[in-house]
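Colleague: I would like to learn how to read a few features in a model. Could we take them one at a time?

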Amino acid sequence: MRHETFPLPGTTPGVSIGLTVLRFGLPGAGPKVYIQAGLHADETPGHLTAHCLRGHLTALEEAGRIEGEIVLVPVANPIGLTQRLNGVFHGRFDMADGGNFNRAFPDLVDEVAEAVGSRLGQDGVANVALIRTALKEALARRKPVSPTEHLKHMLLTEAIDADVVLDIHCDSEAVVHLYTLTPQSDDFAPLAAYLGAKAMLLATESGDNPFDEAVSRPWLQLQERFPQAAIPLAGLATTLELRGESDVSDALAEADAQAILNFLTHRGVIAGSAPPVPETGVKPTPLAGSEPLTAPRPGIVVFQRETGERVETGDVMARLLDPVSGEETLIRSSTDGVFYARCSGRFAHAGKRLGKIAGTETFRHGKLLSP
Ligand SMILES: [Zn+2]
């Protein structure tokens with residue numbers, strides 16, 4: 001393992017923050033895999049899973065079983081990890097400006113299209129090399145200023161030329177679920193199956209350029225812009241949600257790390273034979289079919305269904321109780337699907353997102369992710 005820590009530029013004088021990157025295997029010897037945890041810094045399950053991966057990858061490297069390179073960033077957001085306000089940890093939004101740490105990653109496709117468009121041909125391997133070089137050059141031309149801009153730039157620089165990218169998150173209370181681009185569904189189906197995921201949410205654009213799509217979408221966009229050229233989806237990326245924020249245990253982290261290693265073995269990044277992919281794999285559904293349950297008025301949230309349950313249209317998902325008037329509002333599902341995530345707080349102000357149901361029918365448009 002090669003351990004590197006890069007100082008984050010732009011911090012306040014006297015304040016030093018570093019981004020630690022762990023590298024396993026040999027660059028260029030095979031596929032490159034990039035894994036990061038905790039871009040939303042208060043999502044701790046990924047941090048523990050990354051710790052387990054670190055131990056396993058160290059042993060696999062010593063055994064000579066890593067075919068290529070695996071880059072692991074165990075703490076992807078050291079800025080967010082420091083953020084506390086009145087004793088409460090805030091790791092999702094940048095306290096400097098309120099921005100979501102997993103949005104607004106650089107969109108490089110216009111510059112890359114301009115640079116390589118006339119040189120793309122029928123040789124897919126050559127095209128991948130050409131596009132990767134252009135992606136790296138376009139990113140290198142960007143001039144980040146704030147510490148968070150530098151952090152995003154550094155993370156994307158590590159990931160932009162990877163074959164496979166896993167961005168590990170969690171929800172508030174949830175079962176394991178994944179987000180990925182629609183045409184990458186088959187590529188990540190084995191990972192979903194090894195993890196026992198209960199939902200896999202697909203879109204060709206989620207909106208606001210989250211990290212995984214900053215890696216994966218340029219390939220899809222270039223395919224659309226240059227339909228005559230042979231362009232594979234060479235940057236497979238997924239946002240992996242490892243249950244809820246309190247689902248932190250040695251057993252879960254170890255099982256999740258093992259599932260990720262099985263997936264990497266299945267893909268040939270780790271030498272050896274992977275266990276058969278479980279057949280209980282999840283059926284992917286459109287992100288545009290994910291129903292957000294919203295509180296129409298303030299009240300105490302009393303959930304009537306557990307995460308992971310299949311629900312039907314009309315099912316009561318929660319009771320919302322106004323403790324002053326005594327009035328009760330029933331929150332019902334308006335779709336059939338899997339209740340894959342819900343909020344952790346039990347008092348809702350009006351408009352609060354209470355939960356999400358993975359339905360099969362597309363009905364939403366525009367920006368599809370939670371704020
Ligand atoms: Zn997250």
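Colleague: Is Asp-256 buried or exposed?

Modeller: The model is predicted, and what follows is computed from it. Buried means under 20% relative accessible area. Asp-256 has a relative accessible area of 3%, so Asp-256 is buried.

Colleague: Which side chain does Asp-256 meet in a salt bridge?

Modeller: Side chains of opposite charge can pair when their charged atoms come close. Here the partner of Asp-256 is Arg-243, at 2.7 Å from N to O. Asp-256 belongs to helix 7 (residues 250-266) and Arg-243 to strand 11 (residues 236-244), so the pair ties together parts that are 13 residues apart in sequence. Arg-243 is buried as well, because its relative accessible area is 15%.

Colleague: How many salt bridges does a search of the whole structure find?

Modeller: The search finds 21. One of them joins Arg-297 and Glu-327, with the closest N and O atoms 3.1 Å apart. Arg-297 sits in the loop between strand 13 (290-294) and strand 14 (299-303), while Glu-327 sits in the loop between strand 16 (316-321) and strand 17 (328-332), 30 residues apart. Arg-297 is partly exposed, at 31% relative accessibility, and Glu-327 is partly exposed at 43%.

Colleague: Where do Arg-305 and Asp-315 lie?

Modeller: Arg-305 is in the loop between strand 14 and strand 15 (310-311), and Asp-315 is in the loop between strand 15 and strand 16. Their side chains meet in a salt bridge at 3.0 Å, N to O. Arg-305 counts as buried, at 18% relative accessibility. Salt bridges can also share partners: Glu-173, Glu-306, Arg-342 and Arg-346 are joined in this way into one network.

Colleague: Now the metal. Which residues coordinate the zinc ion?

Modeller: The zinc ion is coordinated by His-40 (ND1), Glu-43 through two OE entries, and His-169 (ND1), at 2.0 to 2.4 Å. Along the chain the donors follow the spacing H-x2-E-x125-H. Glu-43 lies in the loop between strand 3 (32-37) and helix 1 (45-62), and His-169 in strand 7 (residues 164-171), so the pair ties together parts that are 126 residues apart in sequence.

Colleague: Why is the site of the zinc ion irregular?

Modeller: Four donors count as tetrahedral if all angles lie between 85 and 135 degrees. The angles among the four donor atoms are 56 to 144 degrees, and the site is irregular.

Colleague: Are Glu-43 and His-169 buried or exposed?

Modeller: Glu-43 counts as buried at 6% relative accessibility, and His-169 is buried with a relative accessible area of 1%.

Conventions: Residues numbered from 1 in each chain as written. Predicted model: local features only at pLDDT ≥ 70, side-chain atom pairs only at ≥ 80, totals over all residues. Heavy atoms only, no water. Donors = N, O, S within 2.8 Å, 3.2 Å for Na, K, Ca; no water. Tetrahedral: all angles 85-135°; square planar, octahedral: opposite > 155°, others 65-115°. Helix = DSSP H or I, 4+ residues; strand = E, 2+ residues; numbered from the N terminus. Buried < 20%, exposed > 50% of the residue type's maximum accessible area, 1.4 Å probe, protein only. Salt bridge = Lys/Arg side-chain N within 4 Å of Asp/Glu carboxyl O.
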